[in-house]
Amino acid sequence: MTDLVILNEDALRWTHPVFAQAGAGANCIFIWDMTYFEAMQCGLKRQVFLYETLCEMDVEIYGGVFADVFPQLIAQYAPSTVFVPYSVNPKLKERHAFMAQNCDTHIVKDEAFIVADELPDLRRFFRYWNKARKLAFSYNGIGN
């Protein structure tokens, strides 16, 4: 049995700590769930960006509703542990809870890009970025 990494859009880089924790030889999966993309108002340009990034990372992509595809992957791969990148996104947190009900799941945090007082608007990048950039480029992490 090998470990399994279930990626989300918050961790699309090889330097994310989830890969170090999973270790060499772990299978890396992304579940392309159009119902999730629609709920998150993820437009075509964002989807193309995600797809191109996943292709460059050489990640296996499975299509379908997450709740249907994930149990099939668990049966197919029979992983000892499933590693998943942490996210503040409430929809991804629901996925984390679902995964934890079905297998040994480890949620791996990354160093925060910014520390915000409130949950950011995750539907559109520029809504998030307009608030985050003040914190991201400030000297001490406190906006000007």
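Colleague: Let's start with helix 4: how far apart are its end C-alpha atoms, and what should its 12 residues span?

Modeller: Bear in mind that this is a predicted model. The end C-alpha atoms of helix 4 are 16 Å apart, and this agrees with the 16 Å that its 12 residues should span at 1.5 Å a residue.

Colleague: Which residues of helix 4 are buried?

Modeller: The buried residues in helix 4 are F66, V69, F70, L73, I74 and Y77. Seen down the helix axis, the buried residues fall within an arc of 140°, so they line one face of helix 4.

Colleague: And what does the face turned away from that buried side carry?

Modeller: That face of helix 4 carries Q72, A75 and Q76, which are exposed.

Colleague: What covers the buried residues, then?

Modeller: The cover over the buried residues of helix 4 includes strand 1 (4–7), strand 2 (27–32), strand 3 (60–63) and strand 4, and helix 5 (90–102) is also included.

Colleague: Which residue follows helix 4, and what is its phi?

Modeller: Helix 4 is followed by A78, and the phi of A78 is positive, near 45°.

Colleague: Where is T81 placed?

Modeller: T81 sits in the loop that runs between helix 4 (66–77) and strand 4 (82–85).

Colleague: Is T81 buried or exposed, and why?

Modeller: T81 counts as buried because its relative accessible area is 12%, and buried means under 20%.

Colleague: What does T81 touch?

Modeller: Leaving aside residues up to four places away in sequence, T81 touches D3, L4, D104 and H106.

Colleague: One more residue, E56: where does it lie, and is it buried or exposed?

Modeller: E56 lies in helix 3, which covers residues 44–57, and E56 counts as exposed because its relative accessibility is 71%, where exposed means over 50%.

Colleague: And what separation is there between the C-alpha atoms of E56 and L12?

Modeller: The C-alpha atoms of E56 and L12 are separated by 10.0 Å, and these two residues are 44 residues apart along the chain.

Note on methods: Residues are numbered from 1 along each chain as its sequence is written. This is a predicted model: local features need pLDDT of at least 70, side-chain atom pairs count only at pLDDT 80 or more; totals for chains, interfaces and linings use all residues. Side-chain values use heavy atoms; hydrogens and water are left out. Helices (H or I, at least four residues) and strands (E, at least two) are DSSP runs, numbered from the N terminus. Buried means under 20% relative accessible area, exposed over 50%, partly exposed in between (1.4 Å probe, protein chains only). Contact means heavy atoms within 4.5 Å. The expected span of a helix is 1.5 Å times one less than its number of residues. The arc is that of the directions from the helix axis to the C-beta atoms.
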